[in-house]
Structures are given as C-alpha cells and as structure tokens.
Amino acid sequence: MIVPETQIRIRTAVQDDDTALAELDRATWSRLHAVLPLPEAGAPFFDERHLPGDYLVAEDGGAVVGYVRVAPPTPLAATAHVRQIQGLAVAGSARGKGVARALLRAAMERARGEGAVRMTLRVLGHNAPARALYASEGFAVEGVLPGELCLDGTYVDDVLMGRSLTP
C-alpha cells in the first residue's frame, strides 16, 4: 500500500527488518508510551512471541520509518474476531507526515481481511497525542484502569480503546 501524496509504503515486516526495527524501537522509546524498559542496544526485535508477520512497517525511500504490531488479544477462540494494536512507533524524521495514521488504517484493513470485526488497543492515560490520533480514527474510550501502572514511581492510568471494523 502506498500512502497518497507521499512516498510512504506500508508492507508486512520480514525477518530482515529486525535490525532496523530494533533501532527504531530504541530511538523512539519514551515514558510517554513505554511500559517496558528501554530496549538494550543490539537486542533482537523479533522473538518467539513477536513474529515478523505480526507487524506492518512503513517505509520512506526504502528506509523503515514506522511500525504497528497487530495481533489477536488472546489465544482464546472467543476473541478470534478481535485484533489488537500492540505497539506503534514512528521515527522522529517521519512525524507529521501521516505515517501513524497510515499504519493504523493499514492495520484495520488487514484485520478486516482476516475476518476481524473489532479492533482494540491500550494507551497510557497521559499520552494525549496518541489518544487524539486514535479518537480521530474512530476509537472510543471503553474503560480506564486508574493508576494501573507504576512508571518511575508515578501511577499512570491504562486507557482501553476500541472500535468496530464493520460499516
């Protein structure tokens, strides 16, 4: 998928993206969105729980500038109709160009193609830019877990958002 009026291309990740995605993940790490520690330099991006097929990547001129992870929220058959955004990152140099929005839209398109009828995500309560982006793409707050996370000694809300994928 090519994003109109840009050179941004969205595609499924491949194993060869490992180093570029690991570097992007480390470069974009921030307490604004991260609940895990800063990834170690040189650590692999993909592992047995995080497979290339779970990711869509955004490329600009052949360089990886963003990714979104989309996966079923649980291994239960009862949630097979749902996909969950489990990570989204955009390089600083690509911000403001619609990359995050394009990744979200591609993720929803892919989920529909897999038969999903619902998309969910979790976002930190203080991450106003991400919450605004998700809301602009039709996600609504469906629940808040107040003080669910303790990050650097501060309690942070875990906000649950979701939307239908059907017309």
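Student: What is the handedness of the crossing of H2 and H3?

Tutor: In this predicted model, the two elements concerned are helix H2 (residues 99-113) and helix H3 (residues 128-136). The crossing that H2 and H3 form is right-handed.

Student: Which class of packing angle describes H2 and H3?

Tutor: The axes of H2 and H3 lie 11 Å apart, and the helices pack at an angle of about 50 degrees. Angles under 35 degrees would count as roughly parallel and those from 65 to 115 as roughly perpendicular. The arrangement of H2 to H3 is therefore oblique.

Student: How do the residues of the contact of H2 with H3 divide into nonpolar, polar and charged?

Tutor: From H2, the contact involves Ala-100, Arg-101 and Leu-104, while H3 contributes Leu-133, Tyr-134 and Ser-136. Arg counts as charged, and Ala, Leu and Tyr count as nonpolar. The division is four nonpolar, one polar and one charged.

Student: Which geometry does the pair of Phe-46 and Tyr-55 adopt, stacked or edge-to-face?

Tutor: Planes over 60 degrees apart count as edge-to-face. The ring centres of Phe-46 and Tyr-55 are 5.7 Å apart and their planes stand at 65 degrees, so this pair is edge-to-face.

Student: Which strands are linked by the pair of Tyr-55 and Tyr-67?

Tutor: The rings of Tyr-55 and Tyr-67 are also paired, with centres 5.7 Å apart and planes at 70 degrees. This pair connects distant parts of the chain, its residues being 12 residues apart. Tyr-55 lies in strand S2 (residues 55-60) and Tyr-67 in strand S3 (residues 63-71), hence the strands are S2 and S3.

Conventions:
Residues numbered from 1 in each chain as written. Predicted model: local features only at pLDDT ≥ 70, side-chain atom pairs only at ≥ 80, totals over all residues. Heavy atoms only, no water. Phe/Tyr/Trp six-rings, centres within 6.5 Å; stacked < 30°, edge-to-face > 60°. Helix = DSSP H or I, 4+ residues; strand = E, 2+ residues; numbered from the N terminus. Axes fitted to C-alpha atoms, helices over the stretch in contact; angles between N-to-C directions. Parallel < 35°, antiparallel > 145°, perpendicular 65-115°, else oblique. Left-handed = near helix turned anticlockwise from the far one by under 90°. Contact = heavy atoms within 4.5 Å.
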